[in-house]
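Please look over the sequence and the structure shown here before reading on. The report that comes after them is meant to be read alongside both.

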Amino acid sequence: MSVLIKTVGFSLGLTLVFTGVANMLPQVEGDAPVDVKVDLSALTMDDFVAMGEDLFNNKGTCTLCHKPAPLGRAPDVQGTNMVAITTERLADERYQGKATDAASYILESMLEPSAYVVAGWGKKGSDDAESPMPAVDKAPIQLSDIEVDAIIAYLQAKDGNEVTVVLPSPDAAAEVAKSDAAPGGAGAAPAPAASGEEAVAKYTCTACHALDNDDTLVGPGLGHVGARLNEGEIRQSIIDPNAVIAEGFPAAMPGDFAEKMTVRELEMIVKLLAEKKQ
Amino acid sequence: MMYRNDFASGRSCWKPSLVAMLLTLLLGFSLSAMVQAAQDTGGESVAQRIAPVGQVWVEGEPAPETEPVAEVATEEAPVYVAPRPTRKDYPDIGVSSRAVVWILAQMHLFFGALVLAVPLFVLIIELVGQSTGDERYDDMAHEFMKISLTGFSITAIFGGTLALALFVLYPDFMGYMMRVFGAQWIVYAGLFFLESFFLYTYYYGWNAMRYGNLKWLHLTLGLLLNGAGMTIMVMANSWATFMMAPSGVNEVGAIVGNIWEVMKGPLWNPINLHRFIANIAFGGAVVGAYAAFKFLSTRDPAKRAHYDWMGYTSNFIALLAFLPLPFAGYWLMAEIYAYSQQMGITAMGGILAWLFIVQAVLIGTILLAANYYLWAGMSRTEGSSRYQWLIKYIALILVVCFLIWVTPHTLLLSASEIAALGGSHHHYLGPLGIMPAKNIAVNLMLIVTFLSFQLYRRSDKVATVSWAPVGNALLVAIYVVAILNVIFLGIYFGYFTNTVYKVGSSVAQVASTLVVIISGIVIDSLMFRGARTLPSHWGRIPDRAQYALFALPIAFTWLMGLMGYVRSSVKTHWHVYTVMQDNSPDNFIPTIGYAGNMITIVTVLFLLFVLFMFWIANLGSSRQPVPVRAAAMEGVA
């Protein structure tokens with residue numbers, strides 16, 4: 001019995017030592033991001049910049065990688081005047097993007113990080129052609145357009161530069177929230193599409209539907225949808241997708257296209273799809 | 001105490017047995033191929049299968065008129081996206097659902113690791129016994145199986161309870177996982193039947209299949225037991241790695257690949273390797289504690305000799321498996337970084353970074369305990385005096401490296417403390433807090449631990465080959481160059497170049513350590529071939545050394561719990577990373593203190609269940625004496 005007491009006592013004692021060490025260390029909890037309500041009618045540019053700084057350090061998880069040398073695994077954004085360095089980067093022959101100024105460059109670097117990779121910071125083996133950075137509007141970060149604009153505002157303001165992004169108004173915010181905007185539309189109301197193809201791209205239909213064949217992605221393929229449905233049925237399936245759901249598919253299609261699309265856009269998409277008969 | 005037996009007669013009959021083994025395997029493959037073929041054809045008739053070829057008729061004759069074949073209505077498989085449960089979709093049972101699942105999962109994993117590992121090294125020990133003809137190995141292997149047998153039932157009980165808890169507490173998540181993995185669950189359940197069959201025939205058939213051809217049949221059963229166990233492990237691993245780095249699904253979680261594409265995510269094989277090695281180390285450590293307990297409980301010299309040898313063998317297994325473990329860990333972390341740099345940094349440099357200080361304490365404990373046991377064990381052999389002068393230097397290196405490893409990088413300081421320190425980092429100790437210093441420390445600790453191991457192995461031998469001095473000089477040179485290389489790479493690339501080179505240099509450091517281990521094993525095995533053996537006295541070891549054999553499983557168990565915490569936490573607020581968000585009340589990363597308390601709870605629970613397992617193992621071999629009164633009555637009658 002004494003052996004049992006001694007050995008169990010030793011084992012418990014050692015376990016408690018490890019527990020003690022764990023409890024002596026700084027105790028930090030990693031909270032999941034929570035939705036914060038911001039009163040946009042009372043929002044000032046200073047608030048917007050502060051919001052950007054908070055996003056940069058927390059929800060955006062930017063500081064995981066963007067740290068001062070030698071700790072960083074990505075360029076030290078906070079220690080660099082991003083507005084001043086934009087000209088240099090846009091002039092670099094390796095630059096592949098479409099940005100024309102600091103705001104659009106910062107936006108592009110967040111949404112399409114591989115458009116320009118700072119030398120030495122590319123993915124291993126990609127010869128700086130591919131960035132290890134995730135697009136901030138996609139999972140797991142999932143910043144909204146307003147949040148992306150707030151970060152741009154912060155990165156412009158922190159070095160005393162003029163903030164060129166527009167402060168979100170309640171109306172614009174509502175519009176953005178509704179549109180669940182595609183990349184490139186941060187902070188501004190999206191322009192109406194000019195053709196059926198453009199409208200399809202604008203509302204990212206192809207994320208769930210194959211347009212040129214009948215392959216099933218998330219929703220049914222639309223390669224021959226015109227042979228199955230008439231114009232009225234197509235129209236109904238867009239503006240009220242849950243009225244009739246293709247058999248075996250989940251009710252996953254957004255139900256707010258009626259509020260988002262212009263009448264002209266809806267008709268262009270209906271026409272485009274109705275022609276897909278063969 | 002050597003038991004030479006007629007194992008040799010078994011050796012002469014190995015060829016037919018080997019053929020039988022091969023036939024068994026061939027039969028297995030043929031069956032699986034047949035099943036596969038049946039699946040491929042989908043059970044269609046011959047006419048249906050040739051239909052796609054087209055119409056067939058005799059050459060030169062007109063084509064026969066046939067009825068047009070009605071188009072077969074194809075039904076597209078339904079597609080399911082990952083559910084998006086809200087807070088109210090998670091049942092509230094009054095206590096933290098995560099804590100419940102945490103405890104059950106960890107207990108299932110502890111026992112699962114144990115019962116997967118033990119048959120693995122039992123098979124190897126049995127094979128050693130078969131090839132050397134030393135029956136002690138066979139008996140020890142049998143005893144290892146005996147003490148872990150109850151563990152299989154305990155694993156199944158916790159596995160079943162865990163599944164139940166997950167279905168009740170996380171219904172949407174489990175529903176999604178069931179959809180993604182589909183029929184794989186049925187295969188998984190089926191494998192349990194196979195494993196149970198092989199387990200019981202292997203264990204209970206031990207003495208019935210002890211010699212000759214039957215021994216090879218027994219070894220085959222052991223191999224099949226391990227095959228079933230390993231398959232179960234890698235299948236279960238695929239669920240965990242799918243949650244960390246999903247594959248075979250698109251960005252909304254709809255299944256776009258087949259089951260193989262779902263399983264073979266980027267982290268699957270690194271986790272498979274890491275768990276495979278770690279299980280062996282863990283299993284060795286747990287059975288070592290059993291041997292230590294039995295050693296301390298008896299004064300019988302023969303039993304003490306037996307359990308000393310058993311404890312030594314267990315420690316040998318644990319240590320041998322533990323040495324390559326950090327390298328498997330490197331691979332896993334490299335793959336995590338390659339999959340998502342954000343996830344990698346969350347683990348290593350973000351909120352979880354403090355956890356690695358605790359890990360350093362645990363691995364330091366393991367290395368110090370293992371080394372101490374080896375040093376104490378050197379007292380068994382008279383030839384060990386040749387090497388004992390080195391122990392103090394090894395101990396010094398271990399302690400210094402351990403202290404470097406536990407030096408934190410960032411401290412939470414008050415303003416006055418920062419002023420007193422002259423900055424947020426200490427002027428001299430600050431540089432010891434970052435990874436390059438720790439990489440140097442870890443590699444040096446591994447190198448000197450291998451040195452302890454090598455010295456111990458040499459203690460009872462004297463090399464007789466003529467080139468022994470050259471071999472020794474070569475070994476010393478390899479040690480010196482490797483140590484200097486590890487230090488140089490760490491300092492130069494760690495402090496004088498950027499992060500990319502810093503990470504790259506750690507690979508070269510690991511390579512240096514591996515060169516020492518591999519060349520040490522190769523040179524020693526050649527140099528001590530036909531060596532003169534010095535007397536060795538099993539059982540001649542201080543009692544206090546046995547406590548090192550208790551420190552090992554406790555530290556291993558705690559370490560496994562800690563690594564489970566980090567593996568699960570890097571997913572942050574996702575059930576399935578980037579695909580299915582965790583909206584439960586527990587969707588945050590708990591503090592290291594809370595995690596430490598949880599890990600202690602499961603470690604103590606595990607300790608209690610292991611004691612129960614050992615008690616049951618001994619209960620089977622004890623027999624109640626005939627009561628005195630009854631015996632007396634029988635005498636009167």
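This is a predicted model: local features need pLDDT of at least 70, side-chain atom pairs count only at pLDDT 80 or more; totals for chains, interfaces and linings use all residues.

## Domains of chain A

The domain assignment divides chain A into domain 1, covering 40–179, and domain 2, covering 196–274. Taken over C-alpha atoms, the centres of domain 1 of chain A and domain 2 of chain A are separated by 33 Å.

## A helix pair in chain A

Helix α9 of chain A (residues 231–239) and helix α11 of chain A (residues 263–274) have axes that come within 9 Å and cross at roughly 125°.

On the side of α9(A), the contact is made by Glu231(A), Ile234(A), Arg235(A), Ile238(A) and Ile239(A), while α11(A) brings Leu266(A), Ile269(A), Val270(A), Leu273(A) and Ala274(A). Sorted by class, the contact of α9(A) with α11(A) has eight nonpolar and two charged residues, and no polar ones.

## The contact between chains A and B

Chain B gives 51 residues to the contact, and chain A gives 38 residues. On the side of chain B that touches chain A, at least two residues each are supplied by α10 (268–297), α13 (341–348), α14 (355–377), α19 (499–527), α20 (543–569) and α21 (592–619) of chain B. The most comes from α21(B), with nine residues.

By class, the side of chain B that touches chain A holds 31 nonpolar, 18 polar and two charged residues.

Conventions:
Residues are numbered from 1 along each chain as its sequence is written. Chains are lettered from A and ligands numbered from 1 in the order in which they are written. Two residues are in contact if their C-beta atoms, placed from the backbone, lie within 7 Å. Helices (H or I, at least four residues) and strands (E, at least two) are DSSP runs, numbered from the N terminus. Ala, Val, Leu, Ile, Met, Phe, Trp, Tyr, Cys and Pro count as nonpolar, Asp, Glu, Lys and Arg as charged, and the others, Gly among them, as polar. Axes are lines fitted to C-alpha atoms, for helices over the stretch in contact, and angles run from 0 to 180 degrees between N-to-C directions. Domain bounds come from an automatic or database domain assignment.
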